[in-house]
Amino acid sequence: MGLYSALLVATLVLGAPYWIVRMATSGRYRAGLAGRLGRVPDELRAAVAGRNVIWLHAVSVGEVMAATQLIRELRAALPGWVIAVSTTTATGQRLARERLPESPVFYLPLDFAFVIQRYLRVLHPKTLVLMESELWPNLIDRCARGGIPIAVVNARISDRSLPRYLRLRRLWRPLLEKISLYLAQSQENADRLVRIGAPADRVHATGNLKYDVRTAKTNALTESLRANLPTDAAVVVCGSTLDGEERMLLDAWPTVLAAEPRAFMVLAPRHPDRFATVETLIAERGFSTQKASEFGQHPVSVLPGSVFLLDTIGDLASIYSLGTLAFVGGSLIPSGGHNPLEPAQFGVPVLVGPSFQNFREIVDAMQSSDAIRIVPAEALAATIVDMLRHTSEAQSMGEHGRAVFEAQSGATPRTIEALLKLLGESAVSRR
């Protein structure tokens with residue numbers, strides 16, 4: 001841990017000029033700074049005082065979404081307990097506060113032993129639950145020293161990460177041996193965890209929690225937009241897009257409109273700090289646009305051919321239900337993709353680009369059921385037109401996607417059962 005901490009200090013010192021500039025120019029980098037540096041928020045202290053606590057860490061939006069149902073069911077299984085949720089990103093914070101109003105939400109502190117120890121002295125967690133692959137050495141070490149069991153749930157090792165883990169497995173193995181339980185998204189991920197050094201008897205394949213993320217079919221913004229859409233509108237929802245993808249989609253849009261004038265695009269950038277940039281891109285191309293942040297207060301009729309900029313947090317999952325088809329971003333550029341199940345649960349046909357390794361098992365399952373199309377950037381316009389014209393084929397694809405979603409559910413109760421077993425008598429005696 002000493003070498004790791006020294007390297008962490010060196011990284012922070014060498015990167016200080018960059019971070020100072022970023023903090024001076026972006027509120028996103030200042031958010032929660034005191035808490036990250038070790039000042040435990042007063043509201044967190046008050047929320048956990050005298051209570052049994054589970055500390056769950058979910059790095060950002062995707063992990064918060066996956067953890068939402070798990071947290072709700074944990075709370076039902078352990079009445080009176082507190083599930084305290086940490087995130088790394090500001091968007092994760094906002095979504096967690098919105099989705100989990102009964103849980104105290106805070107920023108993950110910097111991974112220095114003395115900082116982590118301050119939080120452990122306040123939280124006194126009965127267990128630490130890490131979502132997916134958030135392995136912080138000092139956090140894990142401090143919990144292990146304090147006899148706090150650690151579980152990694154919805155665990156995965158991506159195609160891109162596996163070679164790095166294997167090269168350093170001698171360094172990782174001692175850390176991985178401090179973790180009490182691994183609940184993997186699939187048997188393949190379970191096997192990978194064992195290969196990189198996790199004790200085989202602690203690794204179990206319980207399924208992907210993202211199959212259990214069920215979104216209410218409506219919210220106020222969705223219903224307002226639905227009421228103001230033309231009855232024959234063909235809604236193309238482009239969700240979780242990253243830098244570069246909006247240009248590709250907007251470049252394809254004139255071709256789509258020439259073939260299908262009734263088409264209407266919802267464009268939802270992944271990161272809030274890019275909303276203004278994407279608004280400028282839309283304006284530069286001359287498309288009529290409306291912003292969700294303004295539409296919610298003053299809804300007006302939506303024009304065919306226009307672009308609706310979803311510049312709000314937490315609405316995309318519901319907005320997908322309006323889609324005639326959906327494109328899921330992070331996949332036209334080499335970023336690994338985002339979750340195609342969000343639109344699939346509504347029976348909406350799904351397009352993704354060729355970069356989807358972060359969700360490869362989900363995409364593979366959908367491909368085998370003819371429930372998704374993988375499209376390169378150069379074929380984007382033609383594929384959207386084809387799907388809007390061949391509505392029966394697209395609808396069939398959407399129904400296959402819904403069937404995949406329904407068939408794969410069930411990871412949440414299996415995860416709850418394993419966590420309760422890990423907590424053991426401390427959970428049973430205090431319920």
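Colleague: Which residues of helix 14 and helix 20 meet?

Modeller: Contact means heavy atoms within 4.5 Å, and helices (H or I, at least four residues) and strands (E, at least two) are DSSP runs numbered from the N terminus. Here M248, L249, A252, T255, V256 and A259 of helix 14 meet L380, A381, I384, V385, L388 and R389 of helix 20. These residues divide into 10 nonpolar, 1 polar and 1 charged, where Ala, Val, Leu, Ile, Met, Phe, Trp, Tyr, Cys and Pro count as nonpolar, Asp, Glu, Lys and Arg as charged, and the others, Gly among them, as polar. This is a predicted model: local features need pLDDT of at least 70, side-chain atom pairs count only at pLDDT 80 or more, and totals for chains, interfaces and linings use all residues. Residues are numbered from 1 along each chain as its sequence is written, and side-chain values use heavy atoms, leaving out hydrogens and water.

Colleague: At what angle do the axes of helix 14 and helix 20 cross?

Modeller: Axes are lines fitted to C-alpha atoms, for helices over the stretch in contact, with angles from 0 to 180 degrees between N-to-C directions. The axes of helix 14 (residues 245–259) and helix 20 come within 8 Å and cross at roughly 40°. That makes helix 14 oblique to helix 20, since angles under 35 degrees count as roughly parallel, over 145 as roughly antiparallel, 65 to 115 as roughly perpendicular and the rest as oblique.

Colleague: And what is the strand order in the open sheet?

Modeller: Strands pair if DSSP finds at least two bridges between them. The 7 strands run 10-11-9-8-12-13-14, with parallel pairing. Strand 10 (289–291) and strand 14 (372–374) are the edges.
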